[in-house]
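The sequence and structure come before the details.

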Amino acid sequence: MRITLVNPPLSDAKSLGLGRLFFQRYEPLGILYIAAVAQENGYPVEVIDCEAQNMPLAVLKQRLLRDRPDVMGISTLTLQGAAVFDLGRWLKASLPETFVVLGNIHASVFAEEYLRNGCCDAVVHGEGEYVFLDILRALETKRELSAIPSLSYRDHSGTLHEDRRPAQVADLAVLPPPARTLLAGNAYGLDSISNQIFVPRRPAGVRTIITSRGCPNSCCFCAASHGRSPRFNSPRRIVDEMQALAQEAGVEYFYIEDSLFVSNKAHTLEVCREIERRGLDIRWGVQAHVNFLDPEMLGLMERAGCYDVAIGIESGVQRLLNLVSKGTRRDHIVRCVEMVKSRSRIKVEGLFMLGLPDETRQEALETIAFAKSLPLDLAQFSICTPYPGSPLFGRLRAAGQIDAGVRPDGSVDTAVWNRYFAYPAFAHIEPICAPSGMTGRELVALQRRANREFYCRPKMLLKNLKRARLRNASTLCRLAWKGLSW
């Protein structure tokens, strides 16, 4: 059985313009975990990462015609959604014997549309490692798919069957490490121009790692972890993976991709202690939350090599924080950021959103002023984008207040999915939606204003000049013009 897993290209990279720089060349850990489980159970797997290999859709199709896989698994996020729609229909027409499986959040939300339009044979809902393994076993033994949970599929008669309950791996310890050896490691890393604080000496010196899944919070705009209970890998296994990558691949910095690394204090402290015990000389960064950071955790994190934390602040307006179920208070945000800066050398990136539901222009300006008042090293001002799979998307779609791309006759305008992008100031698109009383153009103007007011201060200009590299001067000038201009 020939099995191919694909991380497809972005659907319309040109429309993203310089916003393309916000997509770093990180290993597709999701499909690498799926590949590892398949390999562990005796199935040979090939992985193609179109993004890292600069492989356009046309070249991917030529390769698939040559290889003729028996089973294909395709990861599908929203900005890949149109490319996958095209690829899937082509696959089912050109290689009808290939069993095509889609996974990830966007495919799960639009499972019916993908299946009814002949783009695939099945869609996995939730964490796909063992669902995909069950599919392989069923195909190998010619059993029906009906016994497999968390799966939408079409049977031989074309009838649609749906079980949208998301699969979860209850014990992360059963998962083998991601099958990184299936991809060329030197194709991955962090560019010197990015929206992250750390600037590597060489791009390939940076990797991502996952230490937990799920999140205890319920932010209405989050699609990645909403509804998934937190589960944690063992500190020993986590540091084993870090140590191996540091020694074998020369990794100097790890970006921990967890939705919220600091949510379990005991686990966070034990990971840090394990790094200290082994004397690893590494740096790492995480997403943090003001309700979980405390002085004890902060001190141990710094000693274990934590270089930066990205804090989801979102807004400087308490009414809006309450509205989106953020669970934070403005005064707690101030105290937390000041604590990190006064008690450690850890750098802080503030993550803000403009265009939150029901936000007024004046409230957006208050958020910009709030960002400037905090001792941050970096700030991101994204446009609130109700990604498919988030509670906010579901609410707006039910009310007819957002274009999901699905038309009354069942057809799909996949071009709409390309507008689900949080940094339109750097791109050639307008936001997918804007708060009542504000246009998309006005929202983009506010995003540029936020960037301009935050980064054009002398202190911030100096900080970011230190991060710059001469070879990137031309790109940096274009990025500044696009993202800061009036």
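## Helix α7

With 13 residues at 1.5 Å a residue, α7 should span 18 Å, and its end C-alpha atoms lie 19 Å apart, which agrees. The model is predicted, and the values here are computed from it.

The buried residues of α7 are Glu 129, Val 131, Phe 132, Leu 133, Ile 135, Leu 136 and Ala 138. Just after α7 comes Lys 142, which takes a positive phi of about 60°.

## Helix α2

The twelve residues of α2 should span 16 Å at 1.5 Å a residue, and the end C-alpha atoms are 16 Å apart, in agreement. Nine of the twelve residues are buried, so α2 is largely enclosed by the rest of the structure. The buried residues of α2 are Leu 29, Ile 31, Leu 32, Tyr 33, Ile 34, Ala 35, Ala 36, Val 37 and Ala 38. Gly 42 follows α2 and has a positive phi, near 90°.

## Packing of α2 with α7

Two packed helices are described by the angle between their axes and the distance between the axes. For α2 (residues 29-40) and α7 (residues 129-141), the axes come within 9 Å and cross at roughly 45°. That makes α2 oblique to α7. The crossing of α2 and α7 is right-handed.

From α2, the contact is made by Tyr 33, Ile 34, Val 37 and Ala 38; from α7, by Glu 129, Tyr 130, Phe 132, Leu 133 and Leu 136. By class, the residues in the contact of α2 with α7 are eight nonpolar, no polar and one charged.

## Packing of α8 with α9

Helix α8 (residues 235-249) packs on helix α9 (residues 265-278) at an angle of about 45°, and their axes are 9 Å apart. That makes α8 oblique to α9. Their crossing is right-handed.

On the α8 side the contact uses Pro 235, Arg 236, Ile 238, Val 239, Asp 240, Met 242 and Gln 243, and on the α9 side His 267, Glu 270, Val 271, Glu 274, Ile 275 and Arg 278. The contact of α8 with α9 divides into six nonpolar, two polar and five charged residues.

## Packing of α10 with α12

The axes of α10 (residues 295-303) and α12 (residues 330-343) come within 11 Å and cross at roughly 45°. The two helices, α10 and α12, are therefore oblique to each other. In passing α12, α10 makes a right-handed crossing.

Pro 295, Leu 298 and Glu 302 of α10 meet Met 339, Val 340 and Arg 343 of α12. The contact of α10 with α12 has four nonpolar, no polar and two charged residues.

## Helix α13

Helix α13 (residues 361-373) has 13 residues and reaches 19 Å from its first C-alpha to its last, close to the 18 Å expected at 1.5 Å a residue. Buried in α13 are Glu 363, Ala 364, Leu 365, Thr 367, Ile 368, Phe 370 and Ala 371. What do the buried residues of α13 pack against? Their partners are the helices α11 (318-323), α12 and α15 (440-455), together with the strands β13 (306-314), β14 (347-354) and β15 (378-383).

## Loop residues

Ser 325 is in the loop between α11 and α12. Its phi is positive, about 60°, although Ser 325 is not a glycine. With 37% relative accessibility, Ser 325 counts as partly exposed. Asp 358 is in the loop between β14 and α13. Asp 358 is not a glycine either, and has a positive phi of about 70°. At 47% relative accessibility, Asp 358 counts as partly exposed.

Gly 185 is in the loop between β7 (160-162) and β8 (206-209). Is Gly 185 buried, exposed or partly exposed? Its relative accessibility is 25%, so Gly 185 counts as partly exposed. Gly 185 and Gly 205 are 20 residues apart along the chain, and their C-alpha atoms are separated by 9.8 Å.

Technical notes: Residues are numbered from 1 along each chain as its sequence is written. This is a predicted model: local features need pLDDT of at least 70, side-chain atom pairs count only at pLDDT 80 or more; totals for chains, interfaces and linings use all residues. Side-chain values use heavy atoms; hydrogens and water are left out. Axes are lines fitted to C-alpha atoms, for helices over the stretch in contact, and angles run from 0 to 180 degrees between N-to-C directions. Helices (H or I, at least four residues) and strands (E, at least two) are DSSP runs, numbered from the N terminus. Angles under 35 degrees count as roughly parallel, over 145 as roughly antiparallel, 65 to 115 as roughly perpendicular and the rest as oblique. A crossing is left-handed if the near helix is turned anticlockwise from the far one by less than a right angle, and right-handed if clockwise. Contact means heavy atoms within 4.5 Å. Ala, Val, Leu, Ile, Met, Phe, Trp, Tyr, Cys and Pro count as nonpolar, Asp, Glu, Lys and Arg as charged, and the others, Gly among them, as polar. The expected span of a helix is 1.5 Å times one less than its number of residues. Buried means under 20% relative accessible area, exposed over 50%, partly exposed in between (1.4 Å probe, protein chains only).
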